Amino acid sequence: MTNAHKDALFVLIKSLSKSEKRQFKLYVGRLGVNTDAKFLALFNHLDKLRHYDEKTILSSGIVKKAQLSNLKAHLYKQILVSLRLNPVNQNIRVQIREQLDFATILYQKGLYRQSLKILDKAKSVAMDNEEKNIAYEIVELEKIIETQYITRSIGDRANELAVQAKELSGQNVMTSKLSNLSLQLYGMMLKVGYVRSDADYRRVKEYFDGHLPKYDLETLGFREKLWLYKAHLWYSFLTQDFLSCYRYARKWVDLFEDNKEMIYLNPVFYLKGNHYLLESLFYVKYSSQFKETLDTLEAVLNEKEFPKNDNIASLAFLYLNANKLNLHFLEGTFEKGLYLVRIVEYGINKHKDRIDQHHVMVLYYKIACLYFGVGDNKACIGYLKKIIDNRKLKMREDLMCFARVLSLVAHYEAGMDYHLEVQLKSTYKFLLKMNDMHAVQKEMIKFLRNLGGIYPHELRAAFQDLHTELKKYEDHPYEKRAFLYLDIISWLESHLQNKPVSQIIREKALTLTR
């Protein structure tokens with residue numbers, strides 16, 4: 001996602017590949033009069049800059065300040081037109097839109113028969129590719145033309161178009177209701193995370209039940225089913241029903257597997273479906289299928305036929321590396337996962353204009369957990385500090401809360417407990433402010449606060465008491481979410497058994513595999 005503080009035109013130019021820049025110059029140069037155009041000079045100037053600087057642009061003499069805004073707008077439009085003509089961007093959706101534009105031009109010239117012929121072909125392509133919104137627009141234009149271009153079969157034709165319009169309208173309304181529900185649930189997940197209480201659960205359930213439209217699965221098309229599975233998936237995530245998450249993520253991916261052509265038309269949805277399938281497998285700790293699914297996804301992404309563009313490249317980086325980190329968490333192979341840190345840091349910098357802060361902070365939290373797993377607590381604290389100090393992050397309050405709790409534990413493990421009391425108070429206030437003070441967090445803070453008064457020979461008993469207390473919440477419907485962010489049970493067991501936390505997790509993983 002583009003950084004709002006950067007100039008939109010500058011970000012667009014910097015996102016262009018060498019071939020796209022070359023094509024733009026060829027597109028501009030098709031008319032000799034454009035070779036000395038101011039917008040081309042501005043393009044070349046901005047292309048050379050490392051950072052956007054309006055003073056440098058004005059001092060170059062290309063344009064006066066009063067004209068700069070209009071010139072930038074014109075250049076922005078010309079770049080978009082050039083990109084639209086690029087074969088890489090000529091997917092089915094763009095092609096259907098283009099045919100609709102052509103038909104509109106022919107209609108305006110009074111060439112009704114030619115217009116209707118193009119519309120009929122475009123409508124067939126749209127229906128075959130589940131582009132029902134565009135198909136509805138086409139039918140509406142056909143209706144307008146038919147009222148002016150009278151044919152012998154006008155009665156049958158009017159009937160046929162009326163039926164098509166009614167069916168498409170109904171399908172689009174269903175898609176709209178399901179997509180709205182899915183989006184609202186996703187927004188809840190980003191804002192507050194999982195449900196925290198019975199009141200939260202009732203609120204989410206009532207919203208879901210009240211907004212889920214009645215449907216007959218047999219009559220739903222590809223797109224309606226996709227949004228239906230998405231809505232159920234987000235509801236399952238919110239309520240921490242991870243088996244249901246797996247069920248609906250599996251349905252989502254299978255929907256694409258059963259309609260292979262849709263993978264290439266909607267690659268982003270295919271990627272996201274696989275990501276959520278992997279996430280649900282991670283939560284149910286099914287490591288063997290997790291690895292198999294991850295390998296399959298990586299193989300598909302490497303296929304020559306799979307669509308390639310900047311957005312897909314950013315999402316592929318995000319989903320592959322987040323799940324590769326998760327695989328090491330599942331198997332307890334933290335040290336083997338350290339190579340990913342440099343890859344992730346490089347990728348965040350490379351894709352910084354397309355990845356939002358929320359996803360960047362999730363990656364930082366995973367890296368922090370990786371370092372915590374290998375016992376490098378100072379590095380862990382460093383990455384957690386990036387999250388805690390991020391004042392711009394407005395999403396995932398639960399991530400902010402657990403980053404602070406893990407930071408407390410890491411400070412204790414690193415022997416950096418001279419400011420622990422100040423941090424405890426700060427974390428306590430933050431959790432109260434976020435209304436996120438739950439039993440697991442209370443027990444953790446109470447344990448860390450009392451550490452100063454515990455003699456060394458009493459330490460093991462204190463760890464055992466905390467372990468006994470927290471085990472009660474491991475399967476609690478609302479408290480168990482704490483263990484999704486921080487495997488505090490394994491950390492305690494590492495102290496009780498005098499083993500590295502990675503070894504404890506690895507032994508558990510082997511037991512689950514068997």
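Select Tyr186, Tyr194, Trp234, Phe237, Phe242, Trp252, Tyr276, Phe282 and Tyr283: together they form one aromatic cluster. Rings of Phe, Tyr and Trp (its six-membered ring) pair if their centres lie within 6.5 Å; planes under 30 degrees apart count as stacked, over 60 as edge-to-face and the rest as tilted.

Before moving on, note that this model is predicted: local features need pLDDT of at least 70, side-chain atom pairs count only at pLDDT 80 or more, and totals for chains, interfaces and linings use all residues. Residues are numbered from 1 along each chain as its sequence is written, and side-chain values use heavy atoms, leaving out hydrogens and water.

**Stop 1: ring pairs**

The whole structure holds 25 aromatic pairs. Zoom in on Phe237 and Tyr283. Their ring centres are 6.3 Å apart and their planes meet at 80 degrees, so this pair is edge-to-face. Phe237 sits in helix H11 and Tyr283 in helix H14, 46 residues apart. (Helices are DSSP runs of H or I, at least four residues, numbered from the N terminus.) Both Phe237 and Tyr283 are buried. Buried means under 20% relative accessible area, exposed over 50%, and partly exposed in between, with a 1.4 Å probe and protein chains only.

Now pick Tyr412 and Trp491. Their centres are 6.5 Å apart and their planes at 90 degrees, so they too are edge-to-face. Tyr412 is in helix H20 (residues 397-413) and Trp491 in helix H25, so the pair ties together parts 79 residues apart in sequence. Trp491 is buried, at 1% relative accessibility.

**Stop 2: helix H14**

Select 267-283, which is H14. Of its 17 residues, 15 are buried. Just after H14, Lys285 takes a positive phi of about 60 degrees.

**Stop 3: the second largest pocket**

Which residues lie nearest the centre of this pocket? They are Phe282, Tyr283, Phe483, Leu484 and Tyr485, out of 47 lining residues. On a 1 Å grid over the protein atoms alone, a pocket is an open set of points where a 1.4 Å probe fits, with protein on both sides within 12 Å along at least five of seven lines; lining residues have an atom within 4 Å of a point. Helix H18 (357-374) is among the contributors. H18 gives the largest share of the lining, 9 residues.

**Stop 4: charges over rings**

Select Lys230 and Trp227. The charged end of Lys230 sits over the Trp227 ring, 3.9 Å from its centre. For this, NZ of Lys or CZ of Arg must be within 6 Å of the ring centre and within 35 degrees of the ring normal. Finish at Lys386, whose charged end sits over the ring of Tyr383, 5.6 Å from its centre.

Terms used: Helices (H or I, at least four residues) and strands (E, at least two) are DSSP runs, numbered from the N terminus.
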